[in-house]
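Here is a short briefing on one protein chain. Look over the sequence and the 3D view before reading the points below.

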Amino acid sequence: MTTTHAPALPIGKAAVGALGALAVATGALESVVTPTLPLLQRELDMSPAEGALLSIVLLVTGALVTPIAGKLGDRYGGKRVVVRLMAVVCAGGLVSALAPNLPVLLLGQVLQGAMVGALPLSFILVREHLPAAESKVAIGLVSGLFVGGAMAGTLAAGPVAEGLSRHWMFALPTFAVIGATVLVNRLMPHDPPRRPDGTGIDWPGLVLLSGTLVTLMLVLGLASDLVAQPLALVALIVLLAAFGTGWVAVERRAPSPMVDLRMLTRPAVGTSCVLTFLICVGTSAATYLVPQLFAVPADAYGFGASATEIGFFLLPGALAASLAGPISGIGVRRLGPRAVVTAGVLALTAGLLGLAAVHTEIWHLVAGKALVGLANGLCVTAMVTSTATSVDRGDTGIATGLVLVTRVIGFAVGVQVTGAILTAGTPSGSKIPAESAFVTGLVLAAAVTALSLLVLRTMSKGVKE
């Protein structure tokens, strides 16, 4: 049996400080693409669909890495896995910084996606090395610093990219990640491996899910370009079906599946996954389209905003999203998850329709994006709470992991579809999509979000104690 001992208080504080520094650095590195995406599209001559792919590849990788990181942490110890994951992240940051073209930049973002799996392991380390009361405070601190780092990255990416170059906006936070990783390696006590569950890592499931997600992104991103080549499009769709069918078959038979699809038969989990998919499709449309609208030249129908200005305009939305978690937690405790999710869905639908109808002033986009961020935070927190409290304690990780994968798929589908709409809506010989393409994307996202209201009727009103 493994026994853990809390370290001396000064060591504990230093270790938490190192994890906090790592959270700030990774949050900054993760957030630099969103405000600078229009700039990257111009410099690398990307289509809107290619820009959409760049904006989601890190998140997709993170969804694949996270469950594997947990298994490896059980087998080899959390600190060892965190340090090695961050080595991969640092390599990805340097590849992104040196990337001369889109394929190399995509490779860098794939490697950077390992940071998503490192953050939950940081929480596990805090719980192992600090008493219960102190660990809650420390987890809250690390989480808050990650959000703060993301906000700092959003604000700083534009000035760095425009004042120095796009290469430095990846390089500077990568250097910070390297320094923070060294601190974690020196200050965090080693933790012995926890008792493994006797099952191995579901490598076939990982490979098949990776193939499914990558092929899905290709189908969505290239569909408009492959209309004239129907055989190629059909081949991609057949490949997607093969990957998806194979993944489902493997996961249903695996002794320890990467994603336990049998959980979907439980009403609470299945409902949460459907809601998560629909809501994330809606949210992702605004996440991708609003920065693009800011960047449209002022002599067309946009504002000609620079990367620096876009980061500043997006900050209220980031602040609203960070406040949504605590607000949602209070609402779930008092009113139940269904009431909170209903309020969030209504707000999200209103925000998307408002952006589609009125986007002639900067404050229209700022306010609409802030409403979308707040609504999404309300919904996601409430659904995770509902899922986690509707299953047995031993199934909490499996159920919430399924919701995580569904969230990534919904976000990826939403971004790729809206990117394809902008690509299809760009007149021949022009690099500026028609304004109607933005309106179409936002209205479609609002319609998908509104479908959540039908699913909500099956959601439990309360939370299982």
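The largest nonpolar core of this predicted model has 98 residues. Inside that core, L54, F294, V341 and L352 have the most contacts. Helix 11, residues 267-295, gives the largest share of the core, with 14 residues. A second core is separate and has 28 residues, including A25, L119, L125 and A180.

**The chain as a whole**

- The protein chain has 17 helices and zero strands.
- The chain has 465 residues, and 52% of them count as buried.
- Take the contacts between residues at least 6 apart in sequence: 80% of these join residues at least 24 apart.
- The chain exposes about 20000 Å², and carbon and sulfur atoms supply 69% of that area.

**Around L54**

- Which residues does L54 contact, leaving aside neighbours within four places in sequence?
- The contacts of L54 are V33, L37, L40, M46, L105, L106 and Q109.
- In soluble globular proteins, nonpolar side chains tend to be buried together.

- S96 sits in helix 4, which spans residues 78-98.
- Is S96 buried or exposed?
- S96 counts as buried because its relative accessibility is 0%, and buried means under 20%.
- Its side chain makes a polar contact of 3.3 Å with the side chain of Q109.
- The side chains of S96 and Q112 are also joined by a polar contact, at 2.8 Å.
- Beyond residues up to four places away in sequence, S96 touches L105, G108, Q109, Q112 and F170.

**Salt bridges**

- How many salt bridges are there?
- The count comes to two.
- Side chains of opposite charge can pair when their charged atoms come close.
- E43 counts as partly exposed because its relative accessibility is 46%.
- R166 is buried, because its relative accessible area is 7%.
- The other salt bridge joins the side chains of D45 and K431, at 3.5 Å from N to O.
- This pair also links distant parts of the chain, 386 residues apart.
- D45 is in the loop between helix 2 and helix 3, and K431 is in the loop between helix 15 and helix 16.
- D45 has 55% relative accessibility, so it counts as exposed.
- K431 counts as exposed too, because its relative accessibility is 71%.

- L94, L164, W168, L172, F175, I178 and V182 make a nonpolar surface patch of about 620 Å².
- Which helix gives the largest share of the patch?
- Helix 8, residues 166-187, gives the largest share, with five residues.
- W168 lies in helix 8.
- W168 counts as partly exposed because its relative accessibility is 40%.

- G354 lies in helix 13, residues 337-357.
- G354 counts as partly exposed, because its relative accessibility is 32%.
- G354 and G368 are 14 residues apart along the chain, and their C-alpha atoms are separated by 6.8 Å.

Conventions:
Residues are numbered from 1 along each chain as its sequence is written. This is a predicted model: local features need pLDDT of at least 70, side-chain atom pairs count only at pLDDT 80 or more; totals for chains, interfaces and linings use all residues. Side-chain values use heavy atoms; hydrogens and water are left out. Patches are made of residues with over 30% relative accessible area and no salt bridge: like charges are joined within 9 Å, nonpolar side chains (Val, Leu, Ile, Met, Phe, Trp, Tyr) within 5 Å. Accessible areas come from the Shrake-Rupley method with a 1.4 Å probe; for residues, only the protein chains shown count as cover. A salt bridge is a side-chain nitrogen of Lys or Arg within 4 Å of a carboxyl oxygen of Asp or Glu. Helices (H or I, at least four residues) and strands (E, at least two) are DSSP runs, numbered from the N terminus. Buried means under 20% relative accessible area, exposed over 50%, partly exposed in between (1.4 Å probe, protein chains only). A nonpolar core is a set of buried Ala, Val, Leu, Ile, Met, Phe, Trp, Tyr and Cys residues joined through side-chain atoms within 4.5 Å. Contact means heavy atoms within 4.5 Å. A polar contact is a pair of N or O atoms within 3.5 Å; within protein, one must be able to donate a hydrogen and the other to accept it, and residues adjacent in sequence count only if both atoms are side-chain atoms.
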